Amino acid sequence: MTTPADLKYTASHEWVKQDADGTVTVGITDHAQELLGDLVFVETPAVGRKLKQGEECAVVESVKAAADVYAPVSGVVTAVNTELTDAPEKINQDSYSAWLFKLKIDTPAEVAALLDASAYQAVADADSH
Amino acid sequence: MPFIPHTEDDVRAMLAAIGANTIDDLFDEIPASLRSAGLTQVPPGVGEMEITRVMHERAQRDRHWLSFLGAGAYEHHIPAAVWQIATRGEFYSAYTPYQAEASQGTLQLLYEYQTMMTSLTALDVTNASLYDGASALAEAVLMAVRVHKTSKRVLMPATVHPVYRQVVHTLVEDQDIEIVDVPYCTDCGHVIPSALRKYAGGDYAALVVPQPNFFGVLEPVDELTAWAKENNMLTIAVVNPVSLAILRPPGEWGAGGADIALGEGQPLGVPLASGGPYFGFIACRQKYVRQMPGRIVGRTLDLEGKVGYTLTLQAREQHIRRSKATSNICTNQGLAVTAATIYLALVGPTGLARVAQASHANANTLAQQLTALPGVKRAFSGAVFHEFVVELDAPVGDVLQALEAQGILGGLDLTDHYPELGNALLVCVTETKRRQDFDRYVDNMRRFAGRRLHSAPRALTPST
């Protein structure tokens, strides 16, 4: 399991990358894709949709389960990764490059309050035991 | 044979094993205020001999009708082999099996059924059935809203079956989905595409298109589908499966075809029986399959490379997704679907087309004969499949009652659902009717249609 130090995380297994232009990129963690197994389908939110922190906004479906993805912070969806429609397995291959959607954020403080890599690592470790 | 196989001793032993005194103890955690007080209006049970006698007496009150009543449920010839095979022990269950993969025969049959329905609708995928046509339309509306993502409004022509529209309202109104009624042309009996202009740019998830519509009339489906596509909405086709043998299937309608098609499966080998059980079918494009409700059977290979059948895409379903499932549908109308699959296999594409053509030809023949009578005229100019609407000089209720006394079910009185049409009667003719049936209907209609009946003769009620 990898947990890059330059990203922020949620306890519900999303990763968040802060981009220079005031947007954030969101995906699911390596730990999450390991738990789910082979992904077969990804449903992304509509571009332009306003999300509140914690709102369900995407679904990742594997051969054994379908899991919701929650908005890690509030904001408006500016882009979704359409590559995943035909190739959801990219999340299994490298969950940190296979992003799900980008958000233009409302409240930078929400990003700052997210978990750092070591805090998320602790959450994931607790999960595995 | 006892309905519940456990003896009182069995029950006592099971209760003792889990440390409960009575079965009621198992429901302790449900507060008393939420428990039902029991069924006070249901009489106590009676013995088999007594109930057999009651049922025989009631069955004797049934009459044999010459029926021209359609309006969503249709009388077609059902080859005797259909139910002879469907009621074999191996098939005789209403349920998809709980240990599904252990029942390869049932799964194979459902897979064949799905293949037949995709072939009839010219769409990519269908599920293993729904409850009936009306709830299938509600599921299609919910599905279209999920697919569309941004709009929760759906355009619903008044030419869709009134009961279907009521069921849709019941099932979707608590989900903040708005159903917007679309008017029809009272001269031609279908929706006029140019009349949809006022909805353009109005942000709708889908347009419902019935074919044939409730009046039996053919809608301009190509133009309607193309308009829906231009205006960023899905097309939901409500179709009669028999008609698809001779009409262009929804998957091939204008501008790339409909996105979802559904309908009532009863005409395919299921008898008219007090309104059910019937079954609904639903089909869609492959790209929407994850939003389709219900069970889907897939074909795969086992570890030894042999063909096997399995339930697939179950991650959408409630046993996995719980409250976030696409639908609360889990079981289905398996037995009726079994009959439909056998029916379609027996008649084949050519046989189904002959059923559809004969029904269509018969409807046109009877329509011509009826409208040659004084006091009867055709309500709409639009072409029909196997139902048509006539406008009578006399009140429809009186005429139907008079026909009933002659053993004829003359059709459906449209006065309540469509008061704007005046004395309108919806008549259905299938391949089951012959020349002498038309003569009998027309002769009696000649007596009743032209004049106002002050006291219609009533059907004799047999004494019990």
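## A covered strand in chain B

Both faces of strand 5 of chain B are covered: B:Ala206, B:Val208 and B:Pro210 on one side, and B:Leu207, B:Val209 and B:Gln211 on the other, are all buried. A residue counts as buried if 20 or more other C-beta atoms, placed from the backbone, lie within 10 Å of its own, as exposed if 12 or fewer do, and as partly exposed in between. Six of the six residues of this strand (206-211) are buried, so strand 5 of chain B is largely enclosed by the rest of the structure. Strands (E, at least two residues) and helices (H or I, at least four residues) are DSSP runs, numbered from the N terminus.

This is a predicted model, in which local features need pLDDT of at least 70 and side-chain atom pairs count only at pLDDT 80 or more, while totals for chains, interfaces and linings use all residues. Residues are numbered from 1 along each chain as its sequence is written, and chains are lettered from A and ligands numbered from 1 in the order in which they are written.

## The sheet of chain B

Seven strands of chain B form an open sheet of mixed pairing, in the order 2-8-7-6-5-3-4. The edges are taken by strand 2 (125-126) and strand 4 (178-182), each with a single partner strand, so one side of each is left without a neighbour in the sheet. Two strands pair if DSSP finds at least two bridges between them.

Strand 5 of chain B pairs in the parallel sense with strand 6 (residues 234-239) over six bridges, and B:Ala206 stands opposite B:Leu234 of strand 6. Strand 3 (residues 153-157) of chain B is also parallel to strand 5, with two bridges; here B:Leu155 has B:Leu207 as its bridge partner. Strand 7 (residues 260-264) and strand 8 (residues 280-284) of chain B pair in the antiparallel sense over five bridges, with B:Ala283 of strand 8 as the bridge partner of B:Ala261. Helix 7 (residues 221-230) of chain B packs on the sheet, touching strand 5 and strand 6, and its direction makes about 170° with that of strand 5.

## Helix packing in chain B

Helix 9 (residues 334-371) and helix 11 (residues 435-448) of chain B pack at an angle of about 25°, their axes 10 Å apart. Axes are lines fitted to C-alpha atoms, for helices over the stretch in contact, and angles run from 0 to 180 degrees between N-to-C directions. That angle makes helix 9 of chain B roughly parallel to helix 11 of chain B, where angles under 35 degrees count as roughly parallel, over 145 as roughly antiparallel, 65 to 115 as roughly perpendicular and the rest as oblique. Helix 9 contributes B:Thr365, B:Leu366, B:Gln369 and B:Leu370 to the contact, and helix 11 contributes B:Phe438, B:Tyr441, B:Val442 and B:Met445. Residues are in contact if their C-beta atoms, placed from the backbone, lie within 7 Å.

Helix 4 (residues 104-121) of chain B packs against helix 9 of chain B at about 60°, again with axes 10 Å apart. Helix 4 and helix 9 of chain B are therefore oblique to each other. Residues of this contact include B:Leu109 and B:Tyr113 of helix 4 and B:Val337 and B:Leu344 of helix 9.

## A hairpin in chain A

In chain A, strand 6 (residues 56-62) and strand 7 (residues 66-70) run antiparallel and are joined by five bridges. A hairpin links strand 6 of chain A to strand 7 of chain A through three residues. A:Val60 has A:Ala67 of strand 7 as its bridge partner.

Note on methods
Contact = placed C-beta atoms within 7 Å.
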